[in-house]
Every structure is written in structure tokens, then in C-alpha cells.
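Please go through the assignments made for this model and state the criterion behind each of them.

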Amino acid sequence: MNRAEKAALQLQAVAVLRMLKETRTYDELSEVTGLPAGDLNRYVNGHVLPGTDRAREVVEGIGRDALSTELEARVEFDDEGYVDNSGVVFDQSFLDLVAPIAANAFGFERPDVVLTAATDGITLGAAMASYFDARLAYAKKSKETAVEEFIESRQRLASGIELTYYLPASALTSGQRVLVVDDLIRSGETQELLLDIALQADADVTGVFTLIAVGDEGTSRAEEITDAPVGALTTFESSTR
Ligand SMILES: O=P(O)(O)OC[C@H]1O[C@H](OP(=O)(O)OP(=O)(O)O)[C@H](O)[C@@H]1O
């Protein structure tokens with residue numbers, strides 16, 4: 001690990017601790033992390049940076065569990081079981097914390113392009129792209145005016161409705177490494193379309209990541225299509241929609 005990577009890890013750990021501190025006292029934060037309250041105070045206030053080992057433990061261990069719990073608290077379900085995740089996808093700072101944790105937890109290789117689906121995947125896609133210093137591309141359900149060439153993928157859904165996603169052809173090219181992300185995977189139909197777009201572009205898929213999986217149908221479907229790692233930060237019961 002070079003000096004810049006070490007500094008980045010240390011700052012990520014501080015960001016995770018600050019997020020956890022928002023709703024906790026230092027004693028409570030000490031219980032969650034197993035670190036002394038006095039040290040935590042110095043980290044949160046920016047007087048001292050945690051050492052590399054501690055920083056890694058916070059980002060890769062405590063951080064993943066804590067973010068998963070935080071995510072569960074922010075997601076709401078209506079009476080019919082539909083998901084309202086605006087408390088997460090509207091919060092770019094929260095998603096910026098998710099990116100390094102997801103990258104470490106699932107071992108995604110650095111992509112050239114992070115590919116997602118408009119609309120709700122865009123903020124997570126931006127956080128992941130920024131973390132990896134990659135480009136962001138998002139497929140849309142309509143064609144962008146003034147773009148002439150698209151990669152398009154269409155399928156008839158279980159509901160009978162036909163769904164098509166369009167990506168400007170210049171956004172993903174042959175041989176590029178692509179990480180496919182979305183805020184939510186339920187049936188996996190959207191991921192299948194995104195993976196098909198990656199295939200058509202002759203890109204190399206480095207992984208599939210979602211914040212929320214509802215049941216395991218969608219993630220299993222993605223695993224059937226790609227050998228790359230497929231990961232969800234949190235999985236909810238499939239009785240929700
Ligand atoms: O696994 P699936 O069953 O395909 O469901 C997941 C997709 O559903 C939601 O998007 P939606 O189609 O509602 O579009 P939006 O992001 O514009 O709301 C979500 O953002 C995912 O892209």
C-alpha cells in the first residue's frame with residue numbers, strides 16, 4: 001500500500017466513524033468499535049488519524065455491518081411492500097461511504113466504467129465511479145436526443161410489459177472493464193439488461209453490486225450470467241416488493 005492509498009484508507013475510516021458518531025455518544029461508539037473513547041474523539045475531530053490496521057478494521061469490518069444497519073433503518077416499505085429508498089439514494093455522502101466498503105467487501109477489481117440504470121442507480125453509480133476513479137455510464141428507458149448510436153437491450157418482463165434500456169454506444173467500448181451497479185435488485189431483470197448491454201459492447205464485467213437485494217432471485221439471476229462477484233450490501237425478505 002503506497003502512501004496515498006494509506007491516507008485514503010485512513011480518511012475513509014474517519015468518515016465511517018463520523019457517520020456512526022452522528023447518532024451515538026463516544027462511549028456508545030467505543031462499544032460498537034472496540035476502540036477507546038479518547039482515541040475516537042481525536043479521530044472524529046480530525047486531530048489524529050487512525051493507524052492503517054485500525055483504519056482497515058473500521059472500513060472492512062465495523063463499517064460494513066454499520067452501513068448495512070444504517071441502510072436498513074433508512075429504507076421504508078409501504079403497505080403493499082414497495083420499497084422507498086429515497087433516504088439512501090438521495091444522500092450522496094452516505095453513498096460515498098458505501099463505495100470503499102463495497103469495493104473491499106466483495107473484492108471488485110477496479111473498473112474503467114461503472115454502469116447503472118437510470119434513475120435510482122445514478123447516485124450510487126457516481127459514488128462508485130468516483131471511488132474507483134472510473135467513468136460513469138447510465139442506461140435509460142428512453143433515447144437521448146442528438147445521440148445517433150445506441151446499444152439497446154429489450155426484454156418482455158414477467159408482467160408482460162416490454163422493457164428497453166438504451167446506452168449511447170460511445171459510453172462503453174470493447175475490452176473495457178465494467179462494474180454493474182444499481183440501488184435495488186428484485187427480479188434481476190434490470191441487471192440482466194445491463195449485463196446484456198455489457199456483453200453487446202464486448203466489455204469485461206468485473207462485478208455486480210447492489211445496495212439492496214429483495215430476496216435472492218435477482219442476485220442468483222446475475223450470478224448465472226456472470227462469473228464475476230455479485231454482492232448486495234443488505235438483503236431483505238422477498239415478501240417485500
Ligand atoms: O430487479 P428488478 O426487478 O429489475 O428491479 C430493480 C430496478 O427497479 C428500480 O428501477 P425502476 O425500474 O423502478 O426505475 P427508476 O429507477 O427510474 O425508478 C431500481 O432502481 C432497479 O433499477
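Q: What does "buried" mean when applied to a residue here?
A: A residue is buried when its relative accessible area is under 20%, with a 1.4 Å probe and protein chains only. In helix H7 (residues 122-132), Leu124, Gly125, Ala127, Met128, Ala129 and Phe132 are buried, so each of them falls under that limit.

Q: What covers the buried residues of H7?
A: The cover includes helix H6 and the strands S3, S4, S7 and S8. After H7 comes Asp133, with a positive phi near 55°.

Q: How do you know what confidence the predictor places in the model?
A: This is a predicted model, and the mean pLDDT of the protein is 94. On a scale from 0 to 100, 99% of its residues reach 70 or more. For the complex, the predictor gives an ipTM of 0.96 and a pTM of 0.91.

Q: Why is Thr33 called buried?
A: Its relative accessibility is 7%. The cut-off is under 20%; therefore Thr33 counts as buried. Thr33 is found in helix H2 (residues 26-33). Leaving aside residues up to four places away in sequence, Thr33 touches Leu17, Leu40, Glu57 and Ile62, where a contact requires heavy atoms within 4.5 Å.

Q: Why are S4 and S9 called edge strands?
A: The open sheet has five strands in the order S4-S3-S7-S8-S9, with parallel pairing. Strand S4 (135-139) and strand S9 (230-236) each pair on one side only. From one strand to the next, the twist averages 15°.

Q: Which strands does helix H9 touch as it packs on the sheet?
A: Helix H9 (residues 217-225) touches strand S7 (177-185), S8 and S9. The direction of H9 makes about 170° with that of S9. Helix H6 (residues 92-106) lies across strand S8 (204-214) and S9, running at about 120° to S8.

Definitions and conventions
Residues are numbered from 1 along each chain as its sequence is written. This is a predicted model: local features need pLDDT of at least 70, side-chain atom pairs count only at pLDDT 80 or more; totals for chains, interfaces and linings use all residues. Side-chain values use heavy atoms; hydrogens and water are left out. Two strands pair if DSSP finds at least two bridges between them. Helices (H or I, at least four residues) and strands (E, at least two) are DSSP runs, numbered from the N terminus. Axes are lines fitted to C-alpha atoms, for helices over the stretch in contact, and angles run from 0 to 180 degrees between N-to-C directions. Buried means under 20% relative accessible area, exposed over 50%, partly exposed in between (1.4 Å probe, protein chains only).
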